[in-house]
Amino acid sequence: MNRRDRRWWTALALVVVLSFGVLLYLGYQIDQNKPPIPTQVVDSSGRVLMTGADITEGQEIWQSIGGQEIGSIWGHGAYVAPDWSADWLHREATYVLDRYAGAEGASSYDALPAERQAALKERLKEDIRTNTYDPSTGTITVDGLRAASWQQNSAYYADIFSNGNVEDAIPAGTLTDPGQLQQMNDFFWWTAWAAGTDSPGTDVSYLQNWPHEPLIDNVPTPTNVLWSIISVVLLLGGIGGMIFYHNLHSDDEEPRTDAPERDPLLGYKATPSQRATMKYFYIVGALFLLQITMGILTAHYGVEGGSLYGIPLDTILPYAVTRTWHNQLGILWIATAWLATGLYVAPAVGGRDPKYQKLGVNVLFYALILVVAGSLVGEWLSMMGFMGHGLPINWWLGTTGYEYLDMARTWQIGLFVGLFLWFFLMARAMWPALRRARSGEGNRPTATAPLAAGGQRTLILMLLMSSLAIAGFYGAAFGMDQGTHLSITEYWRWWVVHLWVEGFFEVFATVVIAFLFARLGLVRSRTAATATLSSTAVYLAGGIIGTGHHLYFTGGDHIVMAWSATFSALEVVPLVLVGFEAFKNLRLLKVSSWAVGYKWAVYFFIAVSFWNMLGAGIFGFLINPPISLFYVQGLNLTPLHGHAALFGVYGMLGIGLMLFCLRSLMPAKRWADRPIAIGFWGLNIGLLLMCLLSLLPVGLAQAWASITHGLWYARSSEFLYSPALTVLRWLRTPGDIVFTIGGLAIGVFMVGLLFGYSVRTPGGESVSGSVFNRLDEPDEDVEVVGAGVSGQE
């Protein structure tokens, strides 16, 4: 290992240890400052309105009907239907103001002159923001008017969930039991109380004054403004430093000129376990197409309420179900593609299939099918009410109700065990290569180990470490339980969503791509190892603590906001140079004529660079600073970033890795690749149309509404069903159509591999028969090679 790599290993170790130390400290701060759940809530006469058990049980009932997939709480969840916290707070405020005005003889608050409105507003602010929680008794006391508003709001929301609301895509009969409706409303009340009540000893609410509500002066705090400015300054400084480093080491990125004259994988005979991975990629295609279908339904429910072009599907597939499946399937098919890539790469690195490796690959495959099918069915049963509501069975077999972690605890455990089985299969298959590297043997590939890394131990270790992180960090999901405090649940949920999905999967993909390019001889393995180490250290330096930008308004204090804003800005820094990465990958196709066979895999990697810059970088920073997220959390600028980053980066990566593995399994076969071309351009153009024609303009319009009137208005049906917003939301359709065509084209190609029409002979004719039966056939005029890659480096 050279000195430079040792320095990067040290830097990476320090980044990981110190960053997780800070992230755990932020969790402690959230735990200490989270809004308390009272023992009871009483009015000024001493009448008990609700108990702490009512609030907790109401949270569990809300989870069982879909939770964050029906509207949102504290800005987290679905974008159709209100944010229940912001909506309740506004309705309570207007109710009290109107009663104040009525006592003065006016018909309503709006009918009063501005001078009287200002006076009553100050009275309201004093009433709502004053913290009446008594820590010694655990009691919250509210006056008679607020108790009356609690009753009125409870009746209003009970009507929505029992009789349905088309504009909010909530079907009739979602929840009908009066007692359960009241408990869920008690939970909504508590989330609004935390949003409007000052935390002890401060003039800032428990949620750092979120949401924006002018009636009680819920406005950005000085801490919010200060650290937003600092985050922008740090972003500019970080970009400058990254450009300087890039230019200083630009020579390291030059493609090699002594690349092999022939594809090093020509003649390589796939191992039984590698052939077994083929079925994973077909499941990837099936899950991807199902996700697209659920996305189309979800988008239409947003403008048609509960139907698809007039067809009332919500009676069997309500919005909560389709959105749950859409989000979950996105993660599952991407993860499956990456897991299959790892299972394919590992034997080619180690040089053989360990005993029972194929059996392990098959067991993992069927376990994955069980987890996916079981979780989807359980979610449907829970949200349709067949399991009851708020019961342990909902949590264990139905749904957790939390976005991206919707699968019930039983299926989470199954997935967690499956991920460690995957890591075990990866590690045992790669162990011979690591042993060779430690013994000092050369890294010259062989016919049986065409991807052997030999002396480049760094790449092997990085691949194993990233695989272990993928398996291990899903375990953060077990930090929450059915009745865990909402602030703590959000903390651990974002460990999984941000660190697992957006963090260590990114590291794994970076390592795998560098590994494959190095072993094909397109880049130098030493350069690839150093680049992987450095990019991982830089990315995690901002990415780990940057998790906190999801937690600005979930019960933490100004310390959480300061750390999170700072490192969330740094998280964007490495993304500004992804254009260089795209250019570098494009140049690889010119290194040798045989590299063109990997063209479409490389094109998808180039698309990843583009969407990293636009979706994760530009659209991500659009919502990351505290001052921005204060106004737009829970609005359509968030799914703008989510769609462009999750599919644009991780989805494109998954497809690219899949094509790379399939290409290397049949390196001498000619693909009939027109469907791939249609798929590539359809997916990219369709996604761009979705973003630019609908999600971005709708999000910007909602941001204006939130800034001028408050979050409640930006999420209201009054605003979203206005003529202009209705047109903008319907403009999702062109992008959806183009995107769907792209997805179907990839599916056509995959089916063609299964039946033979996606593979052509040298003369251009399609080859009949399944590619499964031809993976081990010797290619014409091809000898088994392994020494085409340069030796010890």
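Author: Tyr-402 is buried in this predicted model, with a relative accessibility of 0%. Trp-62 is likewise buried, at a relative accessible area of 2%. Both values fall in the buried class because that class covers anything under 20%.

In general, a pair of aromatic rings is described by the distance of the centres and the angle of the planes. The model holds 46 aromatic pairs. One of them joins Trp-62 and Tyr-402, with 6.0 Å from centre to centre and 75° between the planes, an edge-to-face arrangement. Trp-62 belongs to helix H2 (residues 52-64), whereas Tyr-402 is in the loop between helix H12 (392-398) and helix H13 (409-439), so this contact ties together parts 340 residues apart in sequence.

A further pair is formed by Trp-88 and Tyr-157: the ring centres are 5.3 Å apart and the planes meet at 20°, so the pair is stacked. Here helix H3 (residues 84-103) supplies Trp-88 and helix H5 (residues 144-163) supplies Tyr-157, so the pair ties together parts that are 69 residues apart in sequence. Trp-88 and Tyr-157 are both buried.

The charged end of Arg-123 sits over the ring of Tyr-100, at 3.8 Å from the ring centre. Likewise, Arg-729 places its charged end over the ring of Tyr-721, 4.6 Å from the centre.

Terms used. Residues are numbered from 1 along each chain as its sequence is written. This is a predicted model: local features need pLDDT of at least 70, side-chain atom pairs count only at pLDDT 80 or more; totals for chains, interfaces and linings use all residues. Side-chain values use heavy atoms; hydrogens and water are left out. Rings of Phe, Tyr and Trp (its six-membered ring) pair if their centres lie within 6.5 Å; planes under 30 degrees apart count as stacked, over 60 as edge-to-face and the rest as tilted. Helices (H or I, at least four residues) and strands (E, at least two) are DSSP runs, numbered from the N terminus. Buried means under 20% relative accessible area, exposed over 50%, partly exposed in between (1.4 Å probe, protein chains only). A charge sits over a ring if NZ of Lys or CZ of Arg is within 6 Å of the ring centre and within 35 degrees of the ring normal.
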